[in-house]
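Work through the exercises below with the model open. Try each task before reading its solution.

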Amino acid sequence: MGANFFDEMLGSPDGCRVPYLGLRKWLDETPPELIEQRRLDAELLFRRIGITFAVYGQEQAEERIIPFDIVPRILTSEEWARLARGLEQRVRAINAFLRDIYGPQDILKAGILPPELVFANPAFRPEMMGRKVPGNVYVPIAGIDVVRVDPDTFYVLEDNARTPSGVSYMLENREVMMLLFPELFSRHHIRPVDNYPEELLATLQSIAPPTAGSEPTIVLLTPGQFNSAYYEHSFLADKLGIELVEGRDLVVRDDVVYMRTTEGLQRIDVIYRRVDDDFLDPLTFRPDSALGVAGLMSAYDAGNVSLANAVGTGIADDKAIYSYMPEILSFYLGEEPVLKNVPTWRCREPEALTYVLEHLEELVVKEVHGSGGYGMLVGPASDKAMREAFAAKLKAEPDNFIAQPTLALSTCPTWVDSGLVPRHVDLRPFVLSGADRVRIVPGGLTRVALKEGSLVVNSSQGGGTKDTWVIDG
Amino acid sequence: MLSRTADNLFWMSRYVERAENIARVLHAASRMASVPGTSDGITNEWESALAASACLDAFVASGREVNAENVFEYLAFAEDNPASIRRCLEIARSNARAVRTALTYDTWEAINGAWIDMDRFRSADVSPSGLNRFISWVKEVSLRVDGSAYRTMLRNDAYWFSRLGVYIERADNTARILDVKYHVLLPETEPVGGGLDYFHWSTILRSVSALTAYHWVYRDSIKPWLVADLLILREEMPRSLASCYANLATFLDELARTYGRQGESQRQARRLHARLRNARTEEIFQGGLHEFLQSFIAENNRLGTAITEQYLV
C-alpha cells in the first residue's frame with residue numbers, strides 16, 4: 001500500500017474508515033472465487049448489453065468495453081453535501097463567465113483575465129458574441145472532474161463544459177452492481193442516481209425557446225454510431241424518451257429546425273447536441289462537415305431552437321482559463337471557492353516556464369486544449385529522453401501548456417487478477433443547470449487507473465470505472 | 001418516427017430474414033447433393049444454391065470453383081459476399097445498433113448476441129454435421145429475433161416497419177427457393193416425376209418446413225403443381241407468397257391508419273395481394289413457373305422501393 005497516498009477505505013494502513021466498514025466486512029466474508037465469478041458476470045453483462053466505447057486510431061478497436069471494477073467507491077453524505085455545494089458554485093461561475101465573455105466582457109475590462117487568452121483561443125467562438133442564449137444558460141450539462149488528496153481536501157482537476165460524457169456509465173454501473181451484489185445494497189443506505197434522466201429532461205425542457213409549446217420536442221444529436229460515445233448517446237435518448245438524430249435526419253426551413261419522420265417533417269425545439277461546435281452547421285462553422293445541419297445557427301439566432309450545451313462553451317474548460325477559476329469565481333459571485341483549484345503554472349508566463357522546465361520531474365504538464373490524457377507528460381513516470389523531448393515542445397509553444405504538481409491522488413481498493421489492491425481514482429459528478437435551478441444527482445462516475453501506480457484514469461488510456469455511492473449515516 | 005429509424009428497422013429484419021433463408025437454401029442444396037444424382041455424376045445442386053441466393057454471377061466472377069466447400073464458405077462466411085450469412089448478420093446488427101433506442105432490450109440482445117456468437121463459426125466446418133450445426137444456429141437466431149420482437153415490441157409503427165422488412169424479404173426468398181427447382185436440372189436419364197424429381201420437390205418443401213403441411217393440405221403424393229400451389233397461393237401457409245402479401249397489406253394498412261394517409265405502397269400491396277388471391281396454379285404453370293416467379297420477384301422489389309419512397313427517405 002503506497003504510504004504516501006490517502007486510501008479511501010483504509011485511511012491508514014491499519015484502519016478502516018467508518019463508511020467502508022460494511023463493505024470491508026463483506027469483502028472479508030466473501031470468498032475470492034465468488035467475487036471473481038461475479039466480476040466475470042459483470043463483464044459479460046456489459047458486453048451483452050453492448051456498453052462499449054470506441055478508441056480512435058486503433059484497428060478493430062471500434063468497440064471495447066470499459067473495464068468495470070466491482071469494488072464501489074463510497075462518499076458520506078457530509079462529504080457529498082460539501083462537494084455538491086462546491087460543484088453548484090463552480091457551474092454558476094462558469095455560466096456567469098460565459099455570459100460575460102460573449103456579452104459585455106467586464107472581466108477583461110477589469111483586467112482580471114488577459115484578453116489574448118480569450119481572443120486567441122480556438123475554443124472561443126466570435127460568432128457567439130452578442131447572441132442571446134435561451135434561459136441564459138450556456139452549460140446545462142457540466143462534468144466537473146474532482147480528485148481527493150486527504151480526508152478533507154478535494155481539488156477540481158478539470159471543468160468539462162463542452163459535451164461531457166460518462167453519465168451512462170454512472171447509471172449502468174449502478175444497475176450492474178444492484179443486479180450482481182444485492183446483499184451489499186441491503187446493508188447500506190445508498191442514495192439513488194436513477195433519477196438522472198428525469199432531471200436531465202427537466203433541465204432541457206426548462207431552456208426550450210418561447211416558440212415551443214408546453215411539450216417541447218427535444219432530440220439528442222449524435223455524430224453517429226462510429227463516435228466513441230455512441231453507446232451513451234443512444235442510452236440517454238432511450239432513457240429520456242427522445243429521438244436520437246443525426247445531422248442527416250434534420251433540415252432547416254425558414255429558420256426552423258425539423259426532423260424527417262415517416263409522417264413528414266416535425267418541428268424541433270431543443271437539441272441536446274453531442275456534436276462538437278465545429279461540425280454543427282457547415283454554413284457557420286466547418287463547411288466540409290456533414291455531421292450537423294445547414295442553417296442551424298440561423299434558426300438558433302432566430303430563437304427557434306435551443307442548444308445544450310451552447311456553442312462556444314469550450315472556452316470555459318480550457319486549461320489556461322482553469323488556472324484563473326478562483327479569480328473568476330470571486331469576480332462573479334463574490335464568494336470563496338468551496339472546491340480548490342490545483343495550483344497551476346501557466347507556461348505562457350516566463351517565470352512559470354522557467355520553473356516548470358527546472359522541475360519537469362515532479363510536475364504533470366498538460367496541453368491547454370488537450371483532452372483524454374493525450375499530449376501530457378507525467379513527470380515522475382517519465383524518463384530523461386521523454387522529458388527532453390517534452391521540454392523542446394514546451395519551449396517552442398509555451399502558450400500551449402500548463403503544469404501542475406503531481407497530486408497525491410487518493411486510492412481505492414480495486415479488484416484485479418491478484419486480488420484487492422489500491423488504485424488511484426478520480427470522480428466526475430454531473431451538474432445540470434436549468435433556467436429554473438441546478439440539479440445534481442448524488443455520486444458521479446468514479447474512474448480508476450488500473451495500472452499499478454498510474455495516475456491516468458482516462459478510458460482511452462486503459463482506465464476503468466467504479467460505482468460511486470453516497471451513503472447516509 | 002424518424003425516417004432513418006424506420007429504414008434501419010426495415011432493413012434489420014430483412015437481413016435477419018435473409019440470413020435465415022440463405023441457411024435454408026444451403027440446407028436444401030446439401031440434402032440434394034447428398035443423394036447420388038446420376039451415373040455420369042453431373043450435379044449442380046451447389047450452383048442452384050448460388051442461383052437461389054442471387055449470388056451465382058458474383059461467385060463466378062470471384063474465380064471460385066463450384067464445389068460444396070467453396071459454396072458453403074461463400075454463402076455462409078465470405079467477407080467479399082455482401083449477401084453471406086455473416087455479412088447479413090453484421091448489417092442487421094449495425095442497423096439495430098443505429099436504432100437501438102427503437103428496439104426492445106430483448107430484440108437488441110438477440111441480434112447483438114448473435115453477432116458475438118457468430119465468431120464461433122468463423123472457420124467453415126464443411127462436414128455435414130458442421131454445416132447442420134451452423135444452419136440450425138442461424139435458424140435459431142432468426143427465431144429469437146422474430147420471437148423477441150413479437151413478444152416485446154409495442155404494436156406501433158416501429159413494429160410494423162420491422163414486419164414489412166420480414167415479409168418483403170420472405171416473399172422474395174420463397175419465390176427464389178421455389179425457383180431452385182428450375183435451376184437444378186434433372187439429368188436426361190431421370191424421368192420427370194421420377195424418384196430424383198420427387199426428391200428435389202420434397203427437399204424444397206422440407207427447406208421451408210412445409211413437408212408436413214403439404215401432407216395435411218393435399219393428402220397426396222408430392223406433385224410439382226401442388227408444391228407451387230402451397231408456396232404461392234395458400235394463405236394458410238405462412239411462408240407462401242399469398243400469406244406474405246396478406247401480411248404486407250395488413251401492416252401497410254395499419255401504417256396508413258395511424259398516419260392518416262394512404263399511398264403508393266398500400267395500393268401496390270393490395271393489387272399484388274388480390275392478384276395472388278385470384279390466381280390459379282394451372283395458369284401459373286401455363287405461363288411457366290420460372291417466368292411467374294421472376295416477374296413476382298421484380299414486382300416485390302417494386303413494392304420495396306415504394307415503401308422506401310413513401311416512408312424511409
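Buried area is the accessible area, with a 1.4 Å probe, that two parts lose on being put together, summed over both. The model used here is predicted.

**Exercise 1. The interface of chain A and chain B**

Task: how much area do chain A and chain B bury between them, and what share of it is on carbon and sulfur atoms?

Solution. 
- Step 1. Take the area. Chain A and chain B bury about 2,200 Å² between them.
- Step 2. Take the share. Carbon and sulfur atoms hold 42% of that buried area.
- Step 3. Find the main contributors in chain A. Arg48(A), Gln225(A) and Thr262(A) lose the most area to chain B. Together they make up 34% of what the chain A side buries.
- Step 4. Count residues. The contact takes 24 residues from chain A and 26 residues from chain B.

**Exercise 2. Polar pairs and elements at that interface**

Task: how many salt bridges cross the interface of chain A and chain B, and which elements of chain A give two or more residues to the side that touches chain B?

Solution. 
- Step 1. Count the charged pairs. The rule finds 2 salt bridges across the interface of chain A and chain B.
- Step 2. Inspect one of them. The side chains of Arg4(B) and Glu246(A) meet at 3.2 Å, N to O. The cut-off for a salt bridge is 4 Å, so this pair qualifies.
- Step 3. Chain A and chain B have 12 residue pairs in polar contact, both residues at pLDDT 80 or more.
- Step 4. Assign the elements. α2 (32-49), α9, β5 (243-245) and β7 (256-261) of chain A each give two or more residues to the side that touches chain B. α9(A) gives the most, with 5 residues.
- Step 5. Sort by class. The side of chain A that touches chain B has 7 nonpolar, 6 polar and 11 charged residues.

**Exercise 3. Two domains in chain A**

Solution. 
- Step 1. Read the bounds. Domain 1 of chain A covers 2-209 + 305-342 + 407-471. Domain 2 of chain A covers 345-405.
- Step 2. Over C-alpha atoms, the centres of domain 1 and domain 2 of chain A are 24 Å apart.
- Step 3. Describe the contact. It joins 19 residues of domain 1 of chain A to 15 residues of domain 2 of chain A. The two domains bury about 1,500 Å² between them, 50% of it on carbon and sulfur atoms.
- Step 4. Count the salt bridges. There is 1 salt bridge between domain 1 and domain 2 of chain A. The side chains of Glu116(A) and Arg348(A) meet in a salt bridge at 3.0 Å, N to O.
- Step 5. Assign the elements. α5 (115-119) and α12 (319-322) of chain A each supply at least two residues of the domain 1 side that touches domain 2. α12(A) gives the most, with 3 residues.
- Step 6. Sort by class. That side of domain 1 of chain A has 10 nonpolar, 5 polar and 4 charged residues.

**Exercise 4. Buried or exposed?**

Task: is Asn227(A) buried or exposed, and is Asp254(A) buried or exposed?

Solution. 
- Step 1. Asn227(A) has a relative accessible area of 19%. The cut-off for buried is under 20%, so Asn227(A) is buried.
- Step 2. Locate Asn227(A). It is in the loop between β4 (218-221) and α9 (230-240) of chain A. Its side chain reaches the backbone nitrogen of Ala229(A) at 2.9 Å.
- Step 3. Asp254(A) has a relative accessible area of 76%. Exposed means over 50%, so Asp254(A) is exposed.

Key. Residues are numbered from 1 along each chain as its sequence is written. Chains are lettered from A and ligands numbered from 1 in the order in which they are written. This is a predicted model: local features need pLDDT of at least 70, side-chain atom pairs count only at pLDDT 80 or more; totals for chains, interfaces and linings use all residues. Side-chain values use heavy atoms; hydrogens and water are left out. Domain bounds come from an automatic or database domain assignment. Contact means heavy atoms within 4.5 Å. Helices (H or I, at least four residues) and strands (E, at least two) are DSSP runs, numbered from the N terminus. Ala, Val, Leu, Ile, Met, Phe, Trp, Tyr, Cys and Pro count as nonpolar, Asp, Glu, Lys and Arg as charged, and the others, Gly among them, as polar. Buried means under 20% relative accessible area, exposed over 50%, partly exposed in between (1.4 Å probe, protein chains only). A polar contact is a pair of N or O atoms within 3.5 Å; within protein, one must be able to donate a hydrogen and the other to accept it, and residues adjacent in sequence count only if both atoms are side-chain atoms.
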